[in-house]
Amino acid sequence: MTGQDVKYFHIKTFEIIVTGLVQGVGFRPFVYRLAMQYALTGWVQNTNENVRIRISGSPADISLFLEALKEEAPPASMIEAIAVQEIAPEPFTAFTIQHSHNLSDDITEISPDIAVCSDCLEDIEKKGNRLDYAFVNCTNCGPRFTIIQDLPYDRAGTTMQTFEMCPDCRREYGDILDRRFHAQPTACKRCGPQYELFIKGRRITGEINEIVVRTSDLLANGGILLIKGLGGMHLACDAFSEAAVEKLRNIKKRDGKAFAVMFRNMESLKRYALVTPEEEQSLTSWRRPIVLLAGKNGSGKHGLFQSEPPPGAEDQDSTPLLAPTLNARLNLLGVMLPYMPFHYLLFKHLKTDAIVLTSGNFSSEPILIDNGQALEQFSACTDAIVLHNRDIFNRTDDSVVRLMDGRERLLRRSRGYVPAPVRTTHHSDGILAFGAELTNCFCVGKGQKAFLSQHIGDLQGLETTAFYEQTISRFLKLFRVKPSLLAVDMHPDYISTRTAENFPGIPLVAVQHHHAHIASCMAEHHLDEQVIGIALDGTGYGDDGHTWGSEFLLCDLRDYTRVTHFEYLPLPGGDLATEEPWRMAVTALYKTYGKEFIHLKLDLFEKIEPEKIALLTHMIDRNIHCPLTCGAGRLFDAVASLLGLCHVATFQAEGPMRLEALVLDSCNESYPFETAGTIRFEATIRGIVNDLLDGVSKKIIAAKFHNTLISVIFEGANSIRLSTGTDKVVLSGGVFQNRYLLEGAIARLTANDFKVYTHAAVPTNDGGIALGQLVIASKRRNQPCV
Ligand SMILES: [Zn+2]
Ligand SMILES: [Zn+2]
């Protein structure tokens, strides 16, 4: 036995397969550095399906290596599984990175965009090629999905292809030990993209410091700016200036909906909002979503979100107030922290601690990405436009999350989350699911991965429809999917349903809206069995042609039985009733009290003309333009209007949001309701009206109403459990964006030994529908309905 042999005698070799999001996030260099650290030999290789590692060394070193592989993985990677297998010892002489291999027609995952990392932020402070350079990035951070045009993920397949690397950048790019090894969008001042400032359509400067200084001054003086970002353009203004916020609202032609705000840092944010540790984690994660936060009310300092400063506030506290109309006078605001180098550069000069940063578009259009269009549409109405010459290929909005029951729940899934797939229990190869009509996302299936698109928006605008069709064809190309089965909503008039006609000759599955909601949540939790599905929603086309939205289903991924639902009510004026909650209030009152309702001494009758109310009851009597609805959202509308919170909505779901905002947490009371046949709320409405007439606080009424719905959910689930033995409850639908309701329902069901499943990674609103359509279509393909 030679010395060499003795050494190998102790050496073991392992093959390690890492799956998940492990490419384009600096994983191979990370593996290389670990191997160096533990003096191991072997190789690492990207395939189109995973990362393969072969490693030789002492068992002790290998086990340390494996531990570090899990514990220290790059922040933006997401390891799904690590398979480790011992193989015959192989005496490697070094550790190397091998060339990529394609194993099959499968594809690697594409990383979402990643917020600038702290190392890169240090680089922009240092003398050299990246001092104040606003496009700094490395393998741990920077643009990904927004710039990718095709796979494999290398520079030639991104919008960075037009920028040729300078010798310094090229050297870093080729150096395995450098942080920019194979960082596809890497660039520096000398060779990379640049910003430019335009005022009234005229180019002013391309010098970054001048741009930042002038931009900050304009913002401080109430100016409105259009700024090109990562996935699209933003409109920006000082968040403390009511005049600027109003001006911005006029430019956007936007109703009363809240604007998102970017704070300088966590410290400044905490002066205004209450932040739980979980919320802080979301805010500072590399995904940097918009997080819905509650204002700091009643904590000594006057709150961020209240509409008026309390008397004498200026004397007690010098903290300035945010513009009161910023958040539609709700005690909830969408907040985010800087995520691009440009944001950091801007805040270095900005005097204000927070700026409005809302999508740059006119309402109903998708977020703007094109420089020419930006100059054409916004030169006249803004004070300045800041553009850059790195093209945005895949448009993405900022994502929106809300922390509920201690978990991050995605309400809008876009930048930082897309295009990471959702793993499904079944193969959904070749399935293209078109989604719903509003808050649209679509979904494509590839193996056991479901790729949900970024937030597309409301399909009723021409521009949005074009964006929708373009993104569908891009996803099919990018993920190499040839559609073999289409899944659509049952609604015959949805634009998404009609878009399926662009794919003639391919079989089509029509899926009921609320079944898709439940299936979407089931897919997220890998459930494939019979469950109790409770979908509370605004609208969705039902089997009987009526508008559904309060469905208690006994269902699996293939089929469903509708066990019960809220009683149908006429929706006088159809869609108009969704925009005018007072119509639902009148409908509910008429249903409860008959014609006598008009004699009730309600606030509502002072706000709405008697002729309008008379016309409405006439429509109901004669059944003129009164489609039937059982949507839970409409019940919220009715109660919001009864309480005088919202008679005519200035944005979607305004009534329900105002109602939730009012809830007094400490109230445990509720109202009666009936469950014979369908679920009926006459007794609830009577209770609310009596409380109103008795002068009971609206905060208590709002709480009692919410508690009533929590009881409805529990009793509905319980009666299905009693007759079937099923104890798994799946909650879905837009109504579960309501924190009080979701948390209350989870608590009540869990306390009664139900297993409760709710959305987190996939939106509970219509943005999650496409995933449900996809898994139902997949299940029916395997096991057709009889
Ligand atoms: Zn970086
Ligand atoms: Zn360079």
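1. A word on burial to start: a residue is called buried when its relative accessible area is under 20%, exposed when it is over 50%, and partly exposed in between, using a 1.4 Å probe and protein chains only. By that rule Cys166 is buried, with a relative accessible area of 9%. We will come back to this cysteine below.

2. Please keep in mind that this is a predicted model, in which local features need pLDDT of at least 70 and side-chain atom pairs count only at pLDDT 80 or more, while totals for chains, interfaces and linings use all residues. Residues are numbered from 1 along each chain as its sequence is written, chains are lettered from A and ligands numbered from 1 in the order in which they are written, and side-chain values use heavy atoms, with hydrogens and water left out.

3. How far can you trust it? The pLDDT, which is the predictor's confidence in each residue from 0 to 100, has a mean of 92 for the protein, and 95% of the residues reach 70 or more. Over residues 1-6 the pLDDT is below 50, and this stretch has one contact (heavy atoms within 4.5 Å) beyond near neighbours in sequence. Residues 298-316 also stay under 50, with 33 contacts beyond four places in sequence. Where pLDDT is low, the predicted coordinates should not be read in detail.

4. Now to the metals. Donors here are N, O and S atoms within 2.8 Å of the metal (3.2 Å for Na, K and Ca); water is not among the atoms, so sites may look incomplete. The zinc ion (ligand 1) is coordinated at 2.3 Å by the SG atoms of Cys117, Cys120, Cys138 and Cys141, spaced C-x2-C-x17-C-x2-C in sequence. Cys117 sits in the loop between β5 (95-97) and α4, and Cys141 in the loop between α4 and α5, so the pair ties together parts that are 24 residues apart in sequence. Helices (H or I, at least four residues) and strands (E, at least two) are DSSP runs, numbered from the N terminus. Cys117 is buried at 14% relative accessible area, and Cys141 is buried at 0%.

5. Cys166 is in the loop between α4 (118-123) and α5 (167-174), and Cys188 is in the loop between α5 and β6 (195-199), 22 residues apart. Cys188 is buried, with a relative accessible area of 1%.

6. What about disulfides, meaning pairs of cysteine sulfur atoms within 2.5 Å? A search of the whole structure finds zero disulfides. Take Cys443: the closest cysteine sulfur, in Cys441, is 9.1 Å from its own, too far for a bond. Cys443 is buried, with a relative accessible area of 0%.

7. Last, the interior. A nonpolar core is a set of buried Ala, Val, Leu, Ile, Met, Phe, Trp, Tyr and Cys residues joined through side-chain atoms within 4.5 Å. The largest one has 109 residues, and Phe566, Leu589 and Leu643 have the most contacts inside it. Helix α23 (residues 698-724) gives the most to this core, with eleven residues. Apart from it lies another core of 49 residues, including Ala76 and Phe342.

8. Phe342 is also one of the buried residues of helix α11 (residues 341-349). The buried residues of α11 pack against elements including β6, α6 (208-220) and β14 (354-359).

Terms used:
Disulfide = S-S within 2.5 Å.
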